[in-house]
Amino acid sequence: MSNALTKTDFNFPGQKSVYHGKVRDVYNINDEMLVMVATDRISAFDVVLPEGIPYKGQMLNQIAAKFLDATTDICPNWKIATPDPMVSVGIMCEGFPVEMIVRGYLCGSSWRAYKSGVREICGVKLPEGMKENQKFPEPIITPTTKAELGLHDEDISKEQILERGLATPEEYALLEKYTLALFKRGTEIAEKRGLILVDTKYEFGKHKGTIYLMDEIHTPDSSRYFYKDGYQERFEKGEPQKQLSKEFVREWLMDNGFQGKAGQQVPEMTPQIVESISNRYLELFENITGEKFEKSENTDIAARIEKNVNEFLKNR
């Protein structure tokens with residue numbers, strides 16, 4: 001397999017600080033711009049796994065850039081440029097400490113909760129008698145808190161967000177409006193590609209009083225897709241859906257006794273496992289974008305990124 005970028009340690013002109021997230025490293029340039037490096041790290045159950053996935057960062061960065069460009073008519077977003085296949089540069093925003101998760105179908109963690117008897121998620125009441133992978137009458141918003149690295153995000157309701165002052169009523173109304181409009185657009189684009197956008201998450205922040213969409217959008221790390229072809233037949237038979245998302249990584253981990261709980265060990269990620277994960281990401285990239293994936297040169301990824309970002313900053 002090719003190289004994977006799992007650590008960065010850049011020192012860009014004007015750099016004031018760096019934040020190492022689960023999969024992204026974010027460099028603060030003069031408290032004005034952020035240089036966001038999409039590494040090849042992969043996380044599941046809020047745990048960063050020990051092996052990087054070649055080309056994953058490039059794929060995520062390029063999908064996110066494409067969808068940010070395709071939604072500028074819905075709301076402003078943070079992106080200024082993509083000077084490298086694995087890097088986006090954007091406006092520095094003060095993020096809301098919540099993630100806006102929107103679900104069109106009952107699956108994943110919401111199905112696991114429903115199956116155990118839960119009938120309300122994040123203040124949203126769910127009807128009785130639903131089945132796994134069933135479409136909701138209307139998409140539902142189930143926000144979570146944005147946890148620090150190593151901690152788990154927690155479900156939170158609209159009422160709790162307002163009570164805790166995490167957003168004003170006016171801000172939350174706009175976040176909700178943007179979330180549903182973005183999900184609708186993502187659903188329409190997916191449909192043209194023969195896919196169903198099942199659920200996704202959006203992050204927002206403020207800059208000079210304006211709310212911006214931040215971070216990634218409609219990538220396999222933040223979204224779940226089903227293949228449209230055969231969905232209804234599989235649903236009626238109660239069979240698992242053919243999907244494009246990171247859920248297959250979670251399922252592999254669960255099959256090997258890992259759910260991110262204390263005392264559990266991450267199973268060995270063999271070269272074959274790593275390659276299969278990389279291939280699944282490539283499958284999603286080509287399906288959702290409708291474009292062939294062009295692998296970037298990766299003998300020395302860090303040097304390439306440093307050169308490209310330095311040139312961009314010098315010419316700003």
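At 19% relative accessibility, Lys79 counts as buried, because the cut-off for buried is anything under 20%. Keep in mind as you look around that this is a predicted model. Lys79 has a partner: the side chain forms a salt bridge with Asp69, and the closest N and O atoms are 2.9 Å apart. Lys79 sits in strand S6 (residues 79–84) and Asp69 in helix H1, so this pair, 10 residues apart, links distant parts of the chain.

Now let's step back to the whole chain. It is divided into domain 1, made of 15–93 plus 248–315, and domain 2, covering 96–244. Notice that domain 1 comes in two pieces of sequence. The C-alpha centres of the two domains lie 20 Å apart. Where they touch, 36 residues come from domain 1 and 32 residues from domain 2.

How much area do domain 1 and domain 2 bury between them? The figure is about 3200 Å², with 62% of it on carbon and sulfur atoms. If you wonder why an area is quoted here, the size of an interface is often given as the accessible area lost when the parts come together. On the domain 1 side, look for Ile74, Cys93 and Leu284: they supply 18% of the area that domain 1 buries against domain 2, more than any other three residues.

The interface has a charged and polar side as well. Four salt bridges are found across it, and 13 residue pairs are in polar contact between domain 1 and domain 2. Which parts of domain 1 do the touching? Helix H1 (56–69), helix H6 (247–255) and helix H7 (271–289) each supply at least two residues. Of the contributors to this side, H7 gives the most, with seven residues. Sorted by class, the side of domain 1 that touches domain 2 has 20 nonpolar, eight polar and eight charged residues.

Another salt bridge to find joins the side chains of Arg185 and Asp73, at 2.9 Å from N to O. Charged side chains can also link up in groups, and here Glu99, Lys146, Lys201 and Glu203 form a network of salt bridges. Over the whole model, the count comes to 24 salt bridges.

Next, find Leu106, in the loop between strand S9 (98–105) and helix H2 (109–115). Is Leu106 buried or exposed? It is buried, with a relative accessible area of 0%. Leaving aside residues up to four places away in sequence, Leu106 touches Trp111, Tyr114, Met130, Lys131, Glu132, Asn133, Gln134 and Phe136.

Our last stop is Arg224, in strand S16 (residues 223–227). Arg224 carries a charged side chain, and it is buried, with a relative accessible area of 8%. What does Arg224 touch, again not counting residues up to four places away in sequence? Among its contacts are Cys107, Gly108 and Ser109, then Ile196, Leu197, Val198 and Asp199, and also Gln243, Leu244, Ser245 and Glu247.

Notes. Residues are numbered from 1 along each chain as its sequence is written. This is a predicted model: local features need pLDDT of at least 70, side-chain atom pairs count only at pLDDT 80 or more; totals for chains, interfaces and linings use all residues. Side-chain values use heavy atoms; hydrogens and water are left out. Domain bounds come from an automatic or database domain assignment. Contact means heavy atoms within 4.5 Å. Buried area is the accessible area (1.4 Å probe) that two parts lose on being put together, summed over both. A polar contact is a pair of N or O atoms within 3.5 Å; within protein, one must be able to donate a hydrogen and the other to accept it, and residues adjacent in sequence count only if both atoms are side-chain atoms. Helices (H or I, at least four residues) and strands (E, at least two) are DSSP runs, numbered from the N terminus. Buried means under 20% relative accessible area, exposed over 50%, partly exposed in between (1.4 Å probe, protein chains only).
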